[in-house]
Amino acid sequence: MASVAQLAAPQAKWTWAPACAATEGSWRNRVDSDAQLVERCLSGDETAWEDLVRQHTRRVYSICYRFTGRDSESQDLSQEVFLRIFRNLRSFRSGEGSFGVWLTRLTRNLLIDNYRRTRAERATDSIEEQLGMLEEKTVAFGHADSVLAGREASEVIQNALRRLSPELRETVILRDLEEMEYREIAQVLNVPEGTVKSRLNRGRAELARVLKRQKVAI
Amino acid sequence: MNCADFEILLCDYLDGTLAEERRHEIERHMETCASCAALTADVRSALGLMERAAAVEPPAELLTRILHVIPGNNAAGKRPWWRRRWIEPILPWAWL
């Protein structure tokens, strides 16, 4: 097995498609085909695993990148997510929820573990560094007379998301950037739907306040 | 309607899934409560920006990397042919 360090870590790419590229319909239609792919994997079909990874890499990487803001870390985490899926595929029960929810829950749990593990590392970032970054973004994106869109908007959001608490950040990412339903998010986070909505309101409002502080025209 | 009720319904209001009567209640509350009106404006603007943002795409190499590290020919704990053919017949513990 090749180590992570042996493999290249290219940069994240952006597309000009709307952030919520996967529609609710496509997410729903995928449920059946995912269950079939899992069945095929478990029966020893070698191509099924590749198809499963191919279909879900974007979602896993996107959630990791939105949460951490780092390409290299997101790639390592995505790889770890698929390793865990691979090892635990037999424990997936299609009757207890969709594969997408199971996969997202696993990704989220790994992100939270990683967040706790790297807390000390992040605490060493000085306040000056953080302020410097804030000013830099304000200068780069603070065009009050133009509407942000595409890659610029995506980078501004990325920067603002980092200032949200993990519980608000993950809720905003799953609903507004990954377009999951409230019911599915509740299953992933293991909280009632009311809690999801409450966190979503607070997360969105906090995001708007961060952007205002950065003098970003939204 | 009080502010706590308002917050519970805000997501559905912005999604446009509230019944008309409830929607009117929300709108009447916003007319009399400046902080809930401000909250709604903030949430709306954040949502607008997220809708205009580009999607994150993984580097093309990531798929290759994952499949290289976790190849499908060992999916779901399938044992390699040489182990099944040569080792397992003679060593009972090798099935474990």
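Start with the largest nonpolar core, which has 60 residues. A nonpolar core here is a set of buried Ala, Val, Leu, Ile, Met, Phe, Trp, Tyr and Cys residues joined through C-beta atoms within 7 Å. Select Cys64(A), Ile157(A), Leu207(A) and Ala46(B): these touch the most other members. Next, colour helix α2 (residues 46–68) of chain A, which gives the largest share of this core, 10 residues. (Helices, H or I of at least four residues, and strands, E of at least two, are DSSP runs numbered from the N terminus.) Domain 1 (22–124) and domain 2 (126–218) of chain A both contribute residues, so the core lies between them; the bounds come from an automatic or database domain assignment.

This is a predicted model, in which local features need pLDDT of at least 70 and side-chain atom pairs count only at pLDDT 80 or more, while totals for chains, interfaces and linings use all residues. Residues are numbered from 1 along each chain as its sequence is written, with chains lettered from A and ligands numbered from 1 in the order in which they are written.

Now centre on Ile157(A). Beyond its neighbours within four places in sequence, Ile157(A) is in contact (C-beta atoms, placed from the backbone, within 7 Å) with Leu49(B), Met50(B) and Ala53(B).

Move on to the loop between α8 (166–177) and α9 (182–189) of chain A, and pick Glu179(A). Though not a glycine, Glu179(A) has a positive phi of about 55°. Glu179(A) counts as partly exposed because it has 17 C-beta neighbours inside 10 Å; 20 or more would be buried, 12 or fewer exposed, with C-beta atoms placed from the backbone.

Last stop: Asn190(A), in the loop between α9 and α10 (193–213) of chain A. Its phi is positive too, near 60°, and with 10 C-beta neighbours inside 10 Å, Asn190(A) counts as exposed.

Conventions
Two residues are in contact if their C-beta atoms, placed from the backbone, lie within 7 Å.
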